[in-house]
Each structure stands twice: as structure tokens, then as C-alpha cells.
Amino acid sequence: MKIKDGIRAGFIALGILIYLDLIGLPKTFGSSMVVTFAVIVFLFSLFSLRTKPAEAPAPLPSVLVNGLIIGVITGLGFALITFGFASLQAQDVKVTDVFAQISHENIEALTGVDKVALREGQSVVPGLTKLAGYFILAGVLGGVITQFPASKVLHIGDEEKRSSARYWLMLALPFLLFAFFLALRIEGVDIGGSEENSFGLVLIYACIAAALFAVREVKAGVHKIGFSALIVALVLVIPQLTDLKQNAILGAVMIFVIMGIGLNIVVGFAGLLDLGYVAFFAVGAYTYALISSPESYIVVNLPWFEGLNFWAGLPIAVLLGAAAGIMLGIPVLRMRGDYLAIVTLGFGEIIRLLLLNLRDYTGGPGGILEIPSPNLFGLDLGNPKGILYLGMAFAVIVTFFTIRLRDSSLGRAWVALREDEDVAEAMGINLVAIKLMAFASGAAFAALGGTLYAARQVNIFPDNFALDVSINVLSLIIIGGIGSIEGVVLGSIALIGLPEILRSVDEYRIVAFGALLVIMMILRPEGFLPSTRRARELHEADLDSPAEFEG
Amino acid sequence: MAMLEVKNIHTYYGNIHALKGVSLHVDQGEIVTLIGANGAGKTTTLRTISGLLKPRQGTIFLNGDDLTKYPDHEIVYQGIAMVPEGRGVFSRLTVLENIELGAYSRSDRGEIEANTQRVFQMFPRLEERAKQVAGTLSGGEQQMLATGRALMANPKILLMDEPSMGLAPILVEGVFDTIVEINKEGTTILLVEQNALMALQVADRGYVIQTGEIVLNDTAENLRRNPEVQSAYLGIN
């Protein structure tokens, strides 16, 4: 255990805390957020300082020093930033113009000093000292815990005996809490998204803890069904806890998750760089719009056709999306690398220009309006919460399909294709078929996202389908880790959350992406949550280089 | 009847006439070698047989079945596997993943498993390194992997392109021992080599190719004694 590791973990934890601060968690959850932040620091310290089951724990002084470093970095760093914000607000600077979520409520939640007191000159230092103290304590505590043999449970090891009961308990926890929470709701107790919502936080803790635990178990190759059940539980719980605006943002995140997973098949698995991915998103959205909106060309001109509902329109839009994927795929079959990227880029623009110029059919720049929202057994899903539920459900389905595809022989063939086309062909892989499969499935997922997008927006315009969508989707899979499905989810949350943080500089988002991508490529080229294979590829240089002339 | 019968094939790279009517045949159970200088058309011949290049003219028969009528990727299903030049392992995949990809054309799981075990038996080194990334193997190990991967397709005939290229002299001998061993287990082999001396020692028959044409065709022993071959390819004056 080196000091360097502690410093690194400290800064990563600080980054996460700042991100959570900027997206407005303290405002939503009130003063209990300080404790939450401390718990995050504690977990970080514990996870970064723990030792493998077979190893002896690092000596106490070493983990104490590292825990202290983590605590001090996060505590001082976070306190300084909050102090800065508070000072600005004390002088009536409108911080919310730049950081939309850093309001008085945020400062009050973190320091206990409210708007009026702040203006009157009450110091935030005592509050922040307490906060920093908590963080330092949490960091040190995390280090100390590593000294107990029980902390080794955090590791996956073949030799470790896993207790099923413990596992199922962890899994059942969120379900139980969810039931309890529902019961409270029914009783009329307001617990969602309000100030001082410590209960909601406890619930989130439990879910996250159970999720972490379950991921660990699944990585060790056990309890797949339980893991699926857990995801379903998370999907059910989260939208109940968040407020309208957060639901709307999360809904957008889900649309990007669906698209990211689709593009990940094309770029990550098969290695075909597609820069015009937005085309399929547009095909899905416009197909659904054309066959559903009472204002659309088709519905207006066919007297007997009243327009389809969401569930009838969805499969048609997805199928047409897949067909568009194949249509693009056929002419580019023989292209590789840069040429492929340029042609797909053009394809994306062609679709947008068609939408813009086929005025009679697509409404031109006026778009298509009054697209019907989805309904489920009479339940209107046309609100942010409904769209979020739907988006999560689709994301889970798409993820399931993608995992199955990845682990099938088709998935292996894609990897071989990415590696070496000629050798892959010599292995008996039908390159034409698998390339078209990659394009078609990627495009189908984009069309699914597009349909959901159209239903969410109600009105769509060609401008919604510009190049920046392709770039965003590509960025999020690069940041998450190309080829990794978890990475797509993380990347979406990070990138779609960013504009929310940088609301006032929304137009410069692309610049922020650019900077982020450059930094990522330098520091962590494989992304945040890379697939094991990808990580291996990019760190080949770290392994012993192949020795050509020895046995 | 010959197992593999190549008749008068002409292959082009764009306008370059690379093979000018190459004919050769390989009988069941033989090791046949194709020797020649750089650029003579050895690799082109193999790539044409395995379907990666299409001949403009000529026919290729495997057990009486015309191979040129199949799409490229289906050639391997007919019983032809290739160990490509420069080994061509999927360097970012693990050894085991490479081997599994070799059996891509097959679906009989039990057989594939048995075949994997056979490959591991032949190359214990690969089993030791099953989870290692192929790119980190040494040249000799990569050659083993490429060979093992080709064997996973359970081919009737194995095409080997320069298996000794870039290997230390001490390893070359091992490569040729392997070739003989594979042949003894019943796989017919067409071997392309620059190391004519070694190739002619293990082969039953040989062809000499020069600027896209077969110029000599004899038993390996006769070729070894042929003064022209000796001076041009064996370095004996």
C-alpha cells in the first residue's frame, strides 16, 4: 500500500462527490446528504485499501495513513469548494446561473447556514469543519475496517465460501424496503424527493449496497436470476424517489443508454466505426411519428387510417430501423476504418437533410406534432415517470439481448472480425452476414430509442437529429469503455448529467465533451468500466513484450 | 484420385498476373511442399485454394467437389483449413478464445471439446497459457497456436504458409516435427516454405514455383538431389 494509491483514491472520491453535489443531490436530500457523502468516503477508503483474502492485511499504520489521506483530500477539497460557493452567495453572486444546482438550499444542506444567515454574515466554517471532520473520520474508519478479517468478504475468490442465505438477504432487502415504502406512500406519508428525505436515502443505500454485492457475486459466476431480480427492483424503486425534473433527465439518460448499447454492438463488438448513428434514431422517431400522429402525412391522407398507438407503432419503427441499418450496411461492406467512418457520417447527414427537405411528408423544419404518448393497460405513460419506467424496461431488455448476442457464436465472430477480417474469413466466418447483423441490430436499438424519444417529446423536428447525437452516443461509449455494457450506462449518466450541471454553457457542451475525451484518452484509454478484453488490449504494453526468438 | 486437385489456375492482383496456370495435386495422407523464392506465387496459390482470392480461370477440386463454386467463408466447411502466413493469431484474444474460433465452422460441442484436448495434448504449452493473450506469446508459441487453431476445424487437408518464418533455428525443427506428427494422425498437408531444405526433408513430394508457374514437380528426394534446386534453393553449389 503506497501513499500514491491513497492520494489517487482520494481524488477520485472527491471527483464523485463534486459530481453528486453539482447534479443537486444535497438540495434534494437535505442535510442527510453530509452523512451520505461521508459514507461514500468510507466505502471508497474501504474498497481501495482492502486486501485480497489470501494476503495478509496491510500493516495498520499504512492503512491509517492512506485512510487519513483519502479523508483529508475529500474533506478539505469538498469543504473548500463549498466555502467558495458560499462566499460567492454571501456576496449575492448568482451561482445558479452557472451551476444550476448550487442554490442556497445546497449550501444550507451542507453547512447548516440558511439564506438569511448567510447574507447576514454568519460563517459557514463551523459547518464545513464538521463536514471535513466527518470525511476524515470516514476515511480513517474505512482503513481500520480493512484490518478485520470480515472485510475480506468484499473480495471474490474461488477459495472463498459464499453463503447463499447472506446473498438472498441482500437481494431481498430492496424488495422489502420497497414494499415498506409503498405502504408508507399509501398511508399518505410524503417520503419522495422532499427535504430531509433520509428514508429515501436509506433505501438508495440499501439498493446500491445490494447491487454492489450482487455484481460481485455475479462476476464470480453465481446467482444470475437473483441479479436480474435485483435490477428489476432498482428499476421499480428509483423513479419513485426522484422528482419530476430528475425523472425527465433520467428518461433522457435511458434513451441514450439504449442507443449506446446499440452503437456498442457496431463499434465495440464488431469494430465498425459508425459516425452516422443518429440516422437510425431519426428513422425510428419519424417512422413512429408518421404512422401515429394525427397530423402526419400518412394519417391525414388516408381517410381510413387513424394512426397506430405506441405498441403497434414500435415494432414497425424498430423493423424499419433494422432495414435502414442493412441498407447502409450493404454499400459499406468492403470499407474499413476511416472510409467507413466518412460514409456513415454522410449517411447521417443525408437522413437529416431528407427530413428537412421532404416537406410534404415530414413537415420539413416544422416537424411532426402531436405524436401520441404510450399507454399501458389504460395507464398513461406520457409523463416523465412513465417514460422513465418504459425507458428502463427497454434498456433492460436491450441489455439482455446484447449480452446474449455477445456470448453467442455471433459475438465471437464479431470479435474475430474486429481483429483480422482475412483470418476471420478463413475460419469460416461469413463476413457479409455478421457485418449486416451488427448494423441491423445496432440500428434496431437506435430506432427503439428514437420511438421512445418521439413519444416523449410529442413534437419532433429535423434539428433533433443532427450530428451531435451521433457524437454524444459515441462519446458516452468511449467514456464508459468501448465494448462494455456497464460502461454504456455509466457513460450515459455522466454525459447526459453534464449538460444539467453546465446548463448555462449548454452550447459549449461539445467543447466539454472534447476536453473530457482528450483527458480520458490520456489517462484511461479503455474507459471507466472497460470490458476485460478491451482493458487487456490497451495495456498490452504493460505486459511483457513478446519475445520472438525464444521458446 | 487426388484429394486436392488444382488445375491451371490464373490469379490476378488487379492487373498483375500472379499465377499463370498453376496445376498441382495432393493425394490423401501426403505431405506436399511448394517451394520457391519470394514473390514466386506460393502464398497466392494457398490463398487461392483457401478461397481468400478468386482465380479468374482454372478449377480447384477437393475430393471431386469444385471449390470455386462456394462462397469464400464456406471453403473451410469443405475440409480445408489454413495456417496463415505470419501466423495471423487474434493477438488480443486469449489462447483459448483463438482455439475456440478455429472451431467456428463446427457445431458439435462434444467433438469440439475432444478436439481442444487433442490440440492441448499436441501443444502442452498452449494449455499452460490458455488464458494468456495471444499477442504476448513468443513467435514459436504463436505458431503452435495458429496450427492448433487450424486443426480445430478438423480439416481433411491443412494448408500451411511459411510456418518456420521468423522463428529461431532451434524452434524450426520443432515446427517440422509437428507437421510430421499431424500428418501421421491422418491430416493431409500442403506446405509452403522458403526453408526448402527442411520442407523437402519432411515432404513426400514437392513442386517448385517460379514467377507464377510450376517449373519442377518430383518426389522430395529427387528434388533434393536436383542440381538446379540445390543451387537455387538449398544453397548447395
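## Terms and model

An axis is a line fitted to C-alpha atoms, taken for helices over the stretch in contact, and angles run from 0 to 180 degrees between N-to-C directions. This is a predicted model, in which local features need pLDDT of at least 70 and side-chain atom pairs count only at pLDDT 80 or more, while totals for chains, interfaces and linings use all residues. Residues are numbered from 1 along each chain as its sequence is written, and chains are lettered from A and ligands numbered from 1 in the order in which they are written.

## Chain A as a whole

Chain A holds 24 helices and 2 strands, where helices (H or I, at least four residues) and strands (E, at least two) are DSSP runs numbered from the N terminus. Of its 551 residues, 44% are buried, a residue being buried if 20 or more other C-beta atoms, placed from the backbone, lie within 10 Å of its own, exposed if 12 or fewer do, and partly exposed in between. Among the contacts in chain A with a separation of 6 or more, 78% join residues 24 or more positions apart, a contact meaning that the C-beta atoms of two residues, placed from the backbone, lie within 7 Å.

## Two helices that meet in chain A

Helix α12 (residues 278–292) and helix α15 (residues 337–357) of chain A have axes that come within 8 Å and cross at roughly 30°. That angle makes α12(A) roughly parallel to α15(A), since angles under 35 degrees count as roughly parallel, over 145 as roughly antiparallel, 65 to 115 as roughly perpendicular and the rest as oblique.

On the α12(A) side, A:V278, A:A279, A:A282, A:V283 and A:Y286 take part, and they meet A:F347, A:G348, A:I351, A:R352 and A:L355 of α15(A). The residues of this contact divide into 8 nonpolar, 1 polar and 1 charged, with Ala, Val, Leu, Ile, Met, Phe, Trp, Tyr, Cys and Pro counted as nonpolar, Asp, Glu, Lys and Arg as charged, and the others, Gly among them, as polar.

With 15 C-beta neighbours inside 10 Å, A:V458 counts as partly exposed. Apart from neighbours within four places in sequence, A:V458 is in contact with A:E370 and A:I371.

## The six-stranded sheet of chain B

In chain B, 6 strands form an open sheet of mixed pairing in the order β6-β7-β8-β3-β9-β10, two strands being paired if DSSP finds at least two bridges between them. At the edges stand β6 (80–83) and β10 (213–219) of chain B, each of which pairs on one side only, and neighbouring strands of the sheet are turned by 20° against each other on average, direction ignored.

Strand β9 (residues 205–210) of chain B pairs with β10(B) in the antiparallel sense over 6 bridges, and B:Q210 has B:E213 in β10(B) as its bridge partner. Helix α6 (residues 169–184) of chain B packs on the sheet, where it touches β3 (31–36), β7 and β8 (188–193) of chain B, and its direction makes about 160° with that of β8(B). The hairpin of β9(B) and β10(B) has 2 residues between the strands, and in it B:T211 takes a positive phi near 40°. Between β3(B) and β9(B), which run parallel, there are 5 bridges, and B:G36 stands opposite B:I209 in β9(B). Strand β9(B) is mostly covered, with 5 of its 6 residues buried.

## The four-stranded sheet of chain B

Another open sheet of chain B is formed by 4 strands in the order β2-β1-β4-β5, with antiparallel pairing; its edge strands, each pairing on one side only, are β2 (16–26) and β5 (65–66) of chain B. Strand β1 (residues 4–13) and strand β4 (residues 57–62) of chain B run antiparallel and are joined by 5 bridges, with B:L4 standing opposite B:L62 in β4(B). Helix α1 (residues 42–49) of chain B packs on this sheet, touching β1, β2 and β4 of chain B, and its direction makes about 70° with that of β2(B).
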